[in-house]
Amino acid sequence: MSVNHCITDEIRVTGEPLDVRALDSFVSADGVGGRAVFVGAVRDHNQGRCVHRIRYEAFVPMAERVLCEIVAEAHRRFVVERVAVHHRTGDLLVGEAAVVVAVGARHRGAAFDACRYVIDELKSRAPIWKKEFYDGGDCWVTPTP
Amino acid sequence: MGDQRAMVDVLFFAGTREVVGHEREQVEVRGDATVSSLLDALCSRHPGLEPHRPSLRVAVNESYVELSHLLAAGDEVALIPPVAGG
C-alpha cells in the first residue's frame, strides 16, 4: 500500500449502506475537471434464476489492503487526483449498491480509464465473496470475466 | 529445522468455511512447511476441502503467496476461494 495516496483516497469495506453522493463529493476538487462514478448494484437475476438477495462476505483487512494497492496502481498508470472505493458486506436486497468507485481527474479520459481499472482489478483480486439467494436455494458465485 | 514445529493460524471463508464448519483453526506444522504442505494437512483433516483445492489461492499475513512459500511460526494463512466482489 502506498501511504502517499492516503490523503487523496478513501477506501473502505463496510457493513453500512453506501453513499454514492458522498464518494462523488470526495473526489471533487478545484483541479478536477472530470469525475467518473461506477456503482455496482444487486441484480434481480443471474444465469436464468431470480435472485432475491445477495450476501457479501469479505476478509476485510486484506480486502482494504488490496484495494489500497489497486488504487496506488491507478495513480501510477493514470493522471488522476482522487480515488474513492467503498464495498459493502452483509445482506443486500435487489437494487442496493454493493460497490462504488469514484475517480476525480483533470480530464475525463483518465477518470474513465482509472475507474474501469479499479473495478476490474477489484473483481479479480479483492478477497470478497457473494452468495446469491434464489427460490429454494442459494449458491456461492464463481467469478465471471 | 524440519524437526521443529510451528503453529499457524488458518482462516476460512465463504464456501470453504462452510465445508470446514468454522472460520479459524490453529494448525501445527513442521518448521520447514510450505503452503503446499499445509494444504495437504488441511485436506486430510477436512476431506471436503479437496475438491476446492485447485481453485484456492492462499494469502499469508494478508498478501497472496505461491504454494512454495515457506511458513513461519505465527503466520496467519487465509484460504481464498474464487473471489466475486463487485
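Chain B puts 21 residues in contact (heavy atoms within 4.5 Å) with 23 residues of chain A. This is a predicted model, in which local features need pLDDT of at least 70 and side-chain atom pairs count only at pLDDT 80 or more, while totals for chains, interfaces and linings use all residues. Residues are numbered from 1 along each chain as its sequence is written, chains are lettered from A and ligands numbered from 1 in the order in which they are written, and side-chain values use heavy atoms, with hydrogens and water left out.

Between them, the two chains bury about 1,800 Å², 57% of it on carbon and sulfur atoms; buried area here is the accessible area (1.4 Å probe) lost on putting two parts together, summed over both. On the chain B side, B:Glu62, B:Val83 and B:Gly86 lose the most area to chain A, together 34% of what that side buries.

As for charges, the interface holds 3 salt bridges, each a side-chain nitrogen of Lys or Arg within 4 Å of a carboxyl oxygen of Asp or Glu. A:Glu57 pairs up with B:Arg17 in a salt bridge, with the closest N and O atoms 2.2 Å apart.

Then there is A:Arg125, which counts as buried because its relative accessibility is 18% (buried means under 20% relative accessible area, 1.4 Å probe, protein chains only). Leaving aside neighbours within four places in sequence, the residues in contact with A:Arg125 include A:Glu73 and A:Tyr117 from chain A, plus B:Arg57, B:Tyr64 and B:Val83 from chain B. B:Val83 is also among the residues of chain B that lose the most area to chain A.

Definitions and conventions:
Buried means under 20% relative accessible area, exposed over 50%, partly exposed in between (1.4 Å probe, protein chains only).
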